[in-house]
Amino acid sequence: MQDSIEKEAGILIERLNKNEKLLTWFISFVPDPELGYSWSKHPYMKELSNLVLDRGHSGASFAFTCRTAYSILNDKRPS
C-alpha cells in the first residue's frame with residue numbers, strides 16, 4: 001500500500017508544481033489536528049482536492065496522500 005500512496009503523492013506533487021500559488025500554500029499549510037486534510041475548511045482545499053479528483057480517492061486516501069506529499073516536499077526544501 002505504501003508504494004501506491006507514494007505514487008499518488010508523486011502525482012499530486014507533479015500537479016502542484018504546475019500551480020505555484022497552491023504549491024506555496026500547500027508546503028506551509030498545517031491542517032487543524034481536529035479536522036485534518038479531509039475536513040479542513042480552508043478555501044484552497046477544494047482546489048487541492050480538484051487536482052486529484054480523477055484519482056478516485058476516498059477521504060482517507062486523499063488525506064494520506066496529502067500527508068505523504070507534504071512530507072516529501074518539506075524534506076526536499078532547502079534549509
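Biologist: Which residues have the most contacts inside the largest nonpolar core?
Modeller: Those are Leu12, Leu16, Phe26, Tyr37 and Leu48, in a core of 20 residues. Keep in mind that this is a predicted model.

Biologist: And which elements give two or more residues to that core?
Modeller: Helices α1 (2-16), α2 (20-28), α4 (44-51) and α5 (59-76) do.

Biologist: Why would such side chains end up together?
Modeller: As a general matter, nonpolar side chains tend to be buried together in soluble globular proteins.

Biologist: Let's zoom in on Phe26. What does Phe26 touch, not counting residues up to four places away in sequence?
Modeller: Quite a list: Leu12, Leu16, Tyr37, Leu48, Cys66, Ala69, Tyr70 and Leu73. Leu12, Leu16, Tyr37 and Leu48 also turn up among the core residues with the most contacts.

Biologist: OK, and Leu23? Where is that one?
Modeller: Leu23 sits in helix α2. Beyond four places in sequence, Leu23 touches Leu16, Asn17 and Leu73.

Biologist: Is Leu23 buried or exposed?
Modeller: Buried, because its relative accessibility is 15%, and the cut-off for buried is under 20%.

Biologist: Switching topic: how much space lies in the largest pocket?
Modeller: About 240 Å³. The lining is made of 13 residues, and Tyr37, Ser38, Met45, Ser49 and Phe62 lie nearest the centre.

Biologist: What's the lining like by class?
Modeller: Five nonpolar, seven polar and one charged.

Biologist: Now the threonines on α5. What's the story with Thr65?
Modeller: Thr65 is in helix α5, and it counts as buried because its relative accessibility is 0%.

Biologist: What does the side chain of Thr65 reach?
Modeller: The backbone oxygen of Ser61, at 2.8 Å. Setting aside neighbours within four places in sequence, Thr65 is also in contact with Ile5, Glu8, Ala9, Leu12 and His57.

Biologist: Is Thr68 buried or exposed?
Modeller: Buried, so says its relative accessibility of 12%.

Biologist: How far apart are Thr68 and Asn19 in space?
Modeller: 19 Å between C-alpha atoms, and 49 residues apart in sequence.

Biologist: You mentioned Glu8 as a contact of Thr65. Where does Glu8 lie?
Modeller: In helix α1. Apart from residues up to four places away, Glu8 touches Arg55, His57 and Thr65.

Biologist: Glu8 is a charged one. Is it buried or exposed?
Modeller: Glu8 counts as buried, because its relative accessibility is 13% and buried means under 20%.

Biologist: Why is His42 called partly exposed?
Modeller: Because its relative accessible area is 28%, and partly exposed covers the range between the buried limit of 20% and the exposed limit of 50%.

Biologist: How far is His42 from Asp32?
Modeller: Their C-alpha atoms are separated by 9.8 Å, and they are 10 residues apart along the chain.

Biologist: One last stop, Val30. Where is Val30 found?
Modeller: In the loop between α2 and α3. Val30 is exposed, because its relative accessible area is 60%, and exposed means over 50%.

Biologist: And what separates Val30 from Arg67?
Modeller: 9.6 Å between C-alpha atoms, although they're 37 residues apart along the chain.

Definitions and conventions:
Residues numbered from 1 in each chain as written. Predicted model: local features only at pLDDT ≥ 70, side-chain atom pairs only at ≥ 80, totals over all residues. Heavy atoms only, no water. Core = buried A, V, L, I, M, F, W, Y, C linked by side-chain atoms within 4.5 Å. Buried < 20%, exposed > 50% of the residue type's maximum accessible area, 1.4 Å probe, protein only. Helix = DSSP H or I, 4+ residues; strand = E, 2+ residues; numbered from the N terminus. Contact = heavy atoms within 4.5 Å. 1 Å grid on protein atoms, 1.4 Å probe; cavity = no way out; pocket = protein on both sides within 12 Å on 5 of 7 lines; lining within 4 Å. Points joined across faces, edges and corners; volume = space filled by probe spheres on them. Nonpolar A, V, L, I, M, F, W, Y, C, P; charged D, E, K, R; others polar. Polar contact = N/O pair within 3.5 Å; in protein donor to acceptor, adjacent residues only side chain to side chain.
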